[in-house]
Amino acid sequence: MKLSDELPVDHRLATVYRIGAGLCGVILLVFGILGFTDQLGFFDTSGSQVAGLSTNGLLSLISVVVGLVLIAGAGIGGNVASMVNMTVGALFLLSGFVHIFILDKGANVLDFGMSNVIFSFVMGLLILTFGMYGRVTGGLPHDNPYWRSRHPEQAAREDAARRSATAEPPRLTGGGVGQTSR
């Protein structure tokens, strides 16, 4: 059994996942393209800046690839977009933590500065939030597709109770109590 087997396929939250992946993907794609247009060296660590962030050719390439992955996830949509968002968001957070420790070291091949670390944390949390929206909480409403997929028996009972509460009482046709037939 795969994780995707337990997740709902078509639900209104898919729009949130798509918008989040697409928006963040476009931001990263633009950042990467701006880095390429400045013709930066691939492993240059001289402190060249694009849009207020230090960058080099390698970071521009990574930004373009990750941006395209997010845009592809947005194009596919649904659970794929959600999983792509959660994975990329977690990787951004991990990158922020790793780079905060190697800021002034030779291992800083992506030429990260403190502004890049902050951007990595903010973008990671944003992408992660888009991916987890409506999926991760202890108090999901009972009409949420993730709650329904995790509690199918209770969801079926609630659906049956809702149907019986809204169903009209049966109508009596001739010959009932208090009626005379001709």
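The following dialogue examines how several features of this predicted model are assigned.

Tutor: In this predicted model, local features need pLDDT of at least 70 and side-chain atom pairs count only at pLDDT 80 or more, whereas totals for chains, interfaces and linings use all residues. Residues are numbered from 1 along each chain as its sequence is written, and side-chain values use heavy atoms, with hydrogens and water left out.

Student: Why is the pair of Phe 97 and Phe 121 called edge-to-face?

Tutor: Rings of Phe, Tyr and Trp (its six-membered ring) pair if their centres lie within 6.5 Å; planes under 30 degrees apart count as stacked, over 60 as edge-to-face and the rest as tilted. The centres of Phe 97 and Phe 121 are 4.9 Å apart and their planes stand at 65°, so the pair is edge-to-face. The structure holds one aromatic pair.

Student: Which parts of the chain does the pair link?

Tutor: Phe 97 belongs to helix α3 (residues 78-101) and Phe 121 to helix α4 (residues 114-132), 24 residues apart, so distant parts of the chain are linked. Helices here are DSSP runs (H or I, at least four residues), numbered from the N terminus, as are strands (E, at least two).

Student: What makes Asp 159 and Arg 162 a salt bridge?

Tutor: The term requires a side-chain nitrogen of Lys or Arg within 4 Å of a carboxyl oxygen of Asp or Glu. The closest N and O atoms of Asp 159 and Arg 162 are 2.9 Å apart, and they form a salt bridge. The structure holds one salt bridge.

Student: How far apart are Asp 159 and Arg 162 along helix α6?

Tutor: They are three residues apart in helix α6 (residues 152-166), and therefore separated by about one helical turn.

Student: How do the residues lining the largest pocket divide into nonpolar, polar and charged?

Tutor: Ala, Val, Leu, Ile, Met, Phe, Trp, Tyr, Cys and Pro count as nonpolar, Asp, Glu, Lys and Arg as charged, and the others, Gly among them, as polar. On that basis the lining has 12 nonpolar, four polar and no charged residues.

Student: Which helix gives the most to the nonpolar patch?

Tutor: Helix α1 does, with three residues.
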